[in-house]
Amino acid sequence: MLGRKPAKELRAAAAPRDSARGAAAKKRKWQEDSEDSGSEGGITKADLEAWRKTIAEEERQEQLERERQESEARERAEAERERKEAEQRRKEEEEARALREAEEARKAAEAAEAERQRQEAATSFVGAGPLPMDSPAVVSAGVRP
């Protein structure tokens, strides 16, 4: 067989070598790793409780952080709402002031117009009787000069 030993001879030659190393020689890499970690004693109840406490503390910290972020978001929203309300009030007050000023200006203009009309009526009053002639040179027919 082209340089190979027969199967019987392989088993016979390998047997003394395997027995010297024992069963540990046939373990796979993952088995060796698990054996090493097993020599530490495994996970004890105390380790498990410590891990649970650690996880509980981490969850509590995360919850506190979430609550802090939510409260900050609420405060920002409240501040924004108050700012918008203040802006709205300011605009309404400005519009009301502009309306009052426009109304006062309208009333003042009406009063000034009424005064002007009263003054005009007082100065342009014509007494009872015939109207005076506009131009004495021109006399209409039937009227004596």
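pLDDT is the predictor's confidence in each residue, from 0 to 100. The protein averages a pLDDT of 80, and 64% of the residues score at least 70. This is a predicted model, in which local features need pLDDT of at least 70 and side-chain atom pairs count only at pLDDT 80 or more, while totals for chains, interfaces and linings use all residues. Residues are numbered from 1 along each chain as its sequence is written, and side-chain values use heavy atoms, with hydrogens and water left out.

View 1. From the N terminus on, its elements run α-α-α. Helices (H or I, at least four residues) and strands (E, at least two) are DSSP runs, numbered from the N terminus. Helix H1 (residues 7-21) has the lowest mean pLDDT among the elements, 57. Helix H3 has the highest, 95. Of the 145 residues, 1% are buried. Here buried means under 20% relative accessible area, exposed means over 50%, and partly exposed lies in between (1.4 Å probe, protein chains only). The protein exposes about 13,700 Å², and carbon and sulfur atoms supply 55% of that area. Accessible areas come from the Shrake-Rupley method with a 1.4 Å probe; for residues, only the protein chains shown count as cover.

**View 2. Ile43, Leu48 and Trp51 make a nonpolar surface patch.** The patch covers about 360 Å². Patches are made of residues with over 30% relative accessible area and no salt bridge; like charges are joined within 9 Å, and nonpolar side chains (Val, Leu, Ile, Met, Phe, Trp, Tyr) within 5 Å. Leucine 48 sits in helix H3 (residues 45-123). Its relative accessible area is 33%, so leucine 48 is partly exposed.

**View 3. Arginine 90 meets glutamate 87 in a salt bridge, and glutamate 94 in another.** A salt bridge is a side-chain nitrogen of Lys or Arg within 4 Å of a carboxyl oxygen of Asp or Glu. Side chains of opposite charge can pair when their charged atoms come close. From glutamate 87 to arginine 90, the N to O distance is 2.4 Å. These two residues lie three apart in helix H3, about one turn of the helix. From glutamate 94 to arginine 90, the N to O distance is 3.2 Å. This pair is four residues apart in helix H3, again about one turn. Glutamate 87 is partly exposed at 30% relative accessible area. Arginine 90 is partly exposed at 39%. Glutamate 94 is partly exposed at 42%.

**View 4. Glutamate 110 forms a salt bridge with arginine 106.** Their closest N and O atoms are 2.5 Å apart. About one helical turn separates glutamate 110 and arginine 106, because they are four residues apart in helix H3. Glutamate 110 has a relative accessible area of 45%, so it is partly exposed. Arginine 106 counts as partly exposed too, at 38%.

**View 5. Glu65, Arg68 and Glu72 are linked in a network of salt bridges.** Across the whole structure, a search finds 14 salt bridges.
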